[in-house]
Number of protein chains: 2
Amino acid sequence: MALAEAILVCLTDRPMSGYDLAKTFDASIGLFWRASHQQVYRELARLRERNLVESTEVEQRGKPNRIVHTITEAGEHTILQWSLKPCKMPSIKDELLVKFYALETVDIPALSEQLGVRIDQHRGKLNVYHRIKERFYDGHNLSTSQHGKLIALTMGISNETEVIQSLENALVMLQDTQD
Amino acid sequence: MALAEAILVCLTDRPMSGYDLAKTFDASIGLFWRASHQQVYRELARLRERNLVESTEVEQRGKPNRIVHTITEAGEHTILQWSLKPCKMPSIKDELLVKFYALETVDIPALSEQLGVRIDQHRGKLNVYHRIKERFYDGHNLSTSQHGKLIALTMGISNETEVIQSLENALVMLQDTQD
DNA sequence: CATTGTTATGCAATTATGTGCATACTATAA
DNA sequence: TTATAGTATGCACATAATTGCATAACAATG
């Protein structure tokens with residue numbers, strides 16, 4: 001259950017509320033590990049039980065109170081232990097590629113359209129990556145942990161760039177099939 | 001639940017037993033949609049209930065009997081309907097990239113080693129892709145459904161190639177950090 | 001002759017994830 | 001003033017996936 005570790009990793013940066021974490025999982029770290037807000041809240045409850053985070057309610061004016069979670073020493077120890085263990089290959093599940101597997105049974109115009117949508121989604125992701133890179137990393141002096149994030153980001157950028165390229169190629173190849 | 005559809009897609013090729021399907025999900029289509037044998041058997045039971053496949057036991061000598069599953073017309077209709085619906089973005093979950101996010105808390109030599117392992121895994125995958133391509137697609141006359149598989153395979157090859165490249169870069173960047 | 005490997009199927013229990021809903025307060029715009 | 005959007009937390013139910021186990025026939029290797 002690496003969701004627990006992903007949350008702890010976020011909290012090494014700064015203490016956060018469940019809401020902050022959910023937003024983080026929608027953007028920065030969410031580019032490499034997706035989680036919904038319900039998952040985050042559930043996991044936070046478990047982390048609190050295991051004493052890997054400490055939670056304190058913070059009063060706010062004009063807004064509901066926040067419950068801010070701070071990583072404990074035991075939490076940091078958990079990350080270190082986890083970092084020593086080998087990691088699983090990410091398990092791929094891509095409906096789009098499965099659809100290519102049954103091109104004779106599938107509606108090809110619909111598939112073309114879906115390819116177009118997918119290309120746009122990856123272009124969007126690439127833009128997000130670029131903006132984050134310019135905003136936080138280009139021309140800055142980087143700490144170790146920032147350096148790590150930049151490495152991940154760089155991998156993300158070249159991967160998205162390549163994916164867009166090959167999806168565009170696939171679109172052309174698919175249109176050749178239609179004739 | 002696109003596992004159902006992924007199985008149906010496999011069965012458009014030829015009737016298969018659960019065991020055949022499990023192996024297919026370990027190799028060819030499994031490169032784009034991973035599933036364990038338990039998942040396959042469970043899903044097959046459901047597909048049979050929904051009359052999307054027909055199952056007949058085939059006696060064998062020297063081996064346990066096989067239960068061979070054939071896609072029905074209703075099954076092919078299900079694929080067509082599914083092909084019209086937009087598909088979800090694959091949800092990424094990569095521990096390795098998450099570990100880069102906490103480079104200050106993580107054991108860097110261990111991470112380097114894991115990067116090496118990951119590179120080897122992707123090299124292995126790339127080899128498999130190349131062998132499949134040479135074996136089944138290069139210099140052959142292709143049917144529509146084979147053409148689709150080739151497109152998916154081509155995407156796989158360029159993606160793996162790129163991933164290996166950027167993991168190697170990441171390894172160098174990580175070693176620069178260590179000093 | 002015992003062990004390991006391959007073919008072949010499946011259950012049970014647990015863990016993970018997703019979907020929909022519920023609550024509550026505030027700011028802003030139509 | 002009604003609707004919409006944003007902040008903030010969370011439960012309940014349903015579906016999906018993983019892990020471990022169980023069975024059973026045979027083949028090959030040491």
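In this predicted model, helix α1 (residues 2–13) of chain B and helix α4 (residues 73–84) of chain B have axes that come within 10 Å and cross at roughly 120°. Helices here are DSSP runs (H or I, at least four residues), strands are E runs of at least two, and both are numbered from the N terminus. Axes are lines fitted to C-alpha atoms, for helices over the stretch in contact, with angles running from 0 to 180 degrees between N-to-C directions. The pair α1(B) and α4(B) is therefore oblique (angles under 35 degrees count as roughly parallel, over 145 as roughly antiparallel, 65 to 115 as roughly perpendicular and the rest as oblique). On the α1(B) side, the contact (heavy atoms within 4.5 Å) is made by B:Ala2, B:Glu5, B:Leu8, B:Val9 and B:Thr12, and on the α4(B) side by B:Gly75, B:Thr78, B:Ile79 and B:Trp82.

Next comes the DNA. Of the 21 residues around DNA strand D, those coming nearest are A:Tyr19, A:Gln60, A:Ile67, B:Met1 and B:Arg42; a residue is near if one of its heavy atoms lies within 4 Å. Helix α3(B) gives the most to this surface, with 4 residues.

Residues are numbered from 1 along each chain as its sequence is written, while chains are lettered from A and ligands numbered from 1 in the order written. Local features need pLDDT of at least 70, side-chain atom pairs count only at pLDDT 80 or more, and totals for chains, interfaces and linings use all residues, with side-chain values using heavy atoms and leaving out hydrogens and water.
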